[in-house]
Amino acid sequence: MSTSLLRPPSLLRLLGAWRAQDSAEPAYRQLAQALRMLVMDGRVGLNVRLPGERELAAALGLSRTTVAAAFDRLRDEGFLESRQGSGSVTRLPPGRVETPPGEIDTTQGGNLLNWTHAALPAAPGVGRAYQAAVEALPAYLGDLGYDPLGLTVLRRAIAAHYERRGCPTSPDQIMVTNGAQQGFSLLLKWLAGPGDRVVIDHPTYHNAIQALQRAHVVPVPVGLPAQGWDIDAMEAAFRQTSPRFAYVIADFHNPTGRSMDPATRRALVTAAARSHTPLIVDETMVAMGLDFAPPPPVAMHDPSGRQVITLGSASKIFWGGLRVGWIRADPQTVAALGRLRTTMDMASPVVEQIAVAQLVDADVGLGARAEILRARRDHLLALIARHLPHWRVESPAGGLSLWAELPRAEATALAALAESLGVRIAAGPRFGVGGAFERFLRLPFTLDEAQLEAGVERLVEADARLHARMPKLRDSLAMALEADRLI
């Protein structure tokens, strides 16, 4: 495999504002953490040669000792390898492999537990809906099968679903997409361009962050407080940054599991209206209530019908293989999005749309799966309380995962160690920007009890190994720490 070189200007752009001047954390640790996250996130690929220590130190305005200490730390952790004639080359720690999510790995004798997916197998009735859709298909074969807005039967079913939830909706307010992610991509392309700002709650859904970054749109994070949402902070962000839109997950938020109460929903819409900021509300988790049903949609508080745009999806509630989503907006917006869509793809698959229409009409919810999920959630909470009592985890009212807070900012290092022990987990920075949430992990409770027990067992071992290594690392870098103080 050939080695590519990452030059200092490119690395500096990727690092961004990596150093917190008011932090007690020494510079070498901050630099090592920033470089580690670039590799973990894939922003710096594997087998890439980093600039030399002297060259990078000059570019960053640091001593060579500081950069050397950061590189030594990354070598100890397995993220850098020194090669004769090639300098320092990026790699993954032993035991990490580049396996697509969901595939079985040969690590630990084929025993890699992929604990990153917050998703469920198909709901009862999905197979029957497909069979009925195939039987109904001949009635559609006389048409071209191209409808950028979606089949009328599905748009009517989705509109009726909003009606049942207390939000009057007509079919011309609905556009069918190939999943909620395509819906978000369409809205992003329509509303924003490179350099524009978008307000997000923080943390948030990782694929939304990645979509913004790929479009060179600047995320403006507004942190979630200990409970609920900080609408004052949201409104301040609207006024101060003039965002093109705000993206919010109000129902069983991913990754925290919290749900926005009706008063907060109303206040959010009011704040957005005052600053003329469109709201994109992601409802992909709306059916995932475990302790209570969610309040009526945020869009219900938008009497104009033009302030709130809602994203929905069939994949979380019915099956991930049903790549059908939808956008609810005013008719003019839906028509404009339909025209834009034809530059990207022509329509969603017909059979899948017919199947989803039947499932939505039947108002299939979690049903018996809610009891299974509650039991697994409570089982995972009990396991963590028993085996990792120094972690802080609250029971979410819904959703599919726990948002676990660690005592120290070490989620990425813990994730790397955990994978070497046979379990893949999602570290907190995946759900934030600028390296945030190093104190957090997302742990889905969609696995069965035996898998949850195996996952926690390996996390306990990773946690113990991580802290057994820390004194050694501190000793080996003591001289670098003193050098940092002289900078």
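This report describes the overall composition of a predicted chain and one of its sheets.

The model is predicted, so local features require pLDDT of at least 70 and side-chain atom pairs count only at pLDDT 80 or more, while totals for chains, interfaces and linings use all residues. Residues are numbered from 1 along each chain as its sequence is written, and side-chain values use heavy atoms, without hydrogens and water.

The chain holds 17 helices and 16 strands, taken as DSSP runs numbered from the N terminus (helices H or I, at least four residues; strands E, at least two). Of its 487 residues, 54% count as buried, that is, under 20% relative accessible area with a 1.4 Å probe, protein chains only. The accessible surface (Shrake-Rupley method, 1.4 Å probe) is about 21100 Å², and carbon and sulfur atoms contribute 52% of it.

An open sheet of seven strands runs in the order β6-β12-β11-β10-β9-β7-β8, with mixed pairing; strands pair if DSSP finds at least two bridges between them. Its edge strands, β6 and β8, each pair on one side only. Neighbouring strands are turned by 20° against each other on average, direction ignored, with axes fitted to C-alpha atoms.

| Element | Residues |
|---|---|
| Strand β6 | residues 174-177 |
| Strand β8 | residues 218-223 |
| Strand β11 | residues 308-313 |
| Strand β12 | residues 325-328 |

Strands β11 and β12 pair in the antiparallel sense over four bridges, and W326 in β12 is the bridge partner of G312.

Helix α9 (residues 206-214) packs on this sheet, touching β7, β8 and β9, where contact means heavy atoms within 4.5 Å. The direction of α9 makes about 160° with that of β7, on a scale from 0 to 180 degrees between N-to-C directions, the helix axis being fitted over the stretch in contact.

Terms used. Buried means under 20% relative accessible area, exposed over 50%, partly exposed in between (1.4 Å probe, protein chains only).
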